[in-house]
Amino acid sequence: MDFLLLIVGRLVQGIAFVLFLDAILSWFQEPDQFPRRYTRALADPIYAPLRGFLIIGGMDLSPLVMILGLNFLANVLLGAVSP
């Protein structure tokens, strides 16, 4: 069971990293440029449930909320594994 929690925790951390990378790349690249094309393809379905109501003053806060939420989830999962 601990091994499964470790795998899921690391997977959640990886997804949070991809979201972070996509948010940073969005400042410098167009959506169709490499590597943003791929990070956006992975990130957009994750942002979709929050994107409609987390836009404040023209700024989309869904990446911030999802990254914080995923990091919290990863810490809970990985904290359950460590003694």
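Student: Which residues have the most contacts inside the largest nonpolar core?

Tutor: This is a predicted model, in which local features need pLDDT of at least 70, side-chain atom pairs count only at pLDDT 80 or more, and totals for chains, interfaces and linings use all residues. Residues are numbered from 1 along each chain as its sequence is written, and side-chain values use heavy atoms, leaving out hydrogens and water. A nonpolar core is a set of buried Ala, Val, Leu, Ile, Met, Phe, Trp, Tyr and Cys residues joined through side-chain atoms within 4.5 Å, where buried means under 20% relative accessible area, exposed over 50% and partly exposed in between, with a 1.4 Å probe and protein chains only. The largest such core has 13 residues, and those with the most contacts inside it are Val12, Leu19, Tyr47, Met66 and Leu70.

Student: Which helix supplies the largest share of this core?

Tutor: Helices are DSSP runs of H or I with at least four residues, strands are runs of E with at least two, and both are numbered from the N terminus. Helix H1 (2-28), helix H2 (36-51) and helix H3 (62-81) each supply at least two residues of the core. The largest share, five residues, comes from H3.

Student: Leaving aside neighbours within four places in sequence, what is tyrosine 47 in contact with?

Tutor: Contact means heavy atoms within 4.5 Å. Tyrosine 47 is among the residues with the most contacts inside the core. Beyond its sequence neighbours within four places, its partners are Leu19, Asp22, Ser62, Pro63 and Met66.

Student: Why are aspartate 44 and arginine 40 about one helical turn apart, and what is the N to O distance of their salt bridge?

Tutor: The two residues are separated by about one helical turn because they lie four residues apart in helix H2. Aspartate 44 is partly exposed at 24% relative accessibility, and arginine 40 is partly exposed at 34%. A salt bridge is a side-chain nitrogen of Lys or Arg within 4 Å of a carboxyl oxygen of Asp or Glu. For this pair the N to O distance is 3.2 Å.

Student: Which residues do salt bridges with shared partners join into one network?

Tutor: Arginine 51 meets aspartate 44 in a salt bridge at 3.4 Å, N to O. Aspartate 60 forms a salt bridge with arginine 51, with the closest N and O atoms 2.9 Å apart. The network joined through shared partners consists of Arg40, Asp44, Arg51 and Asp60.
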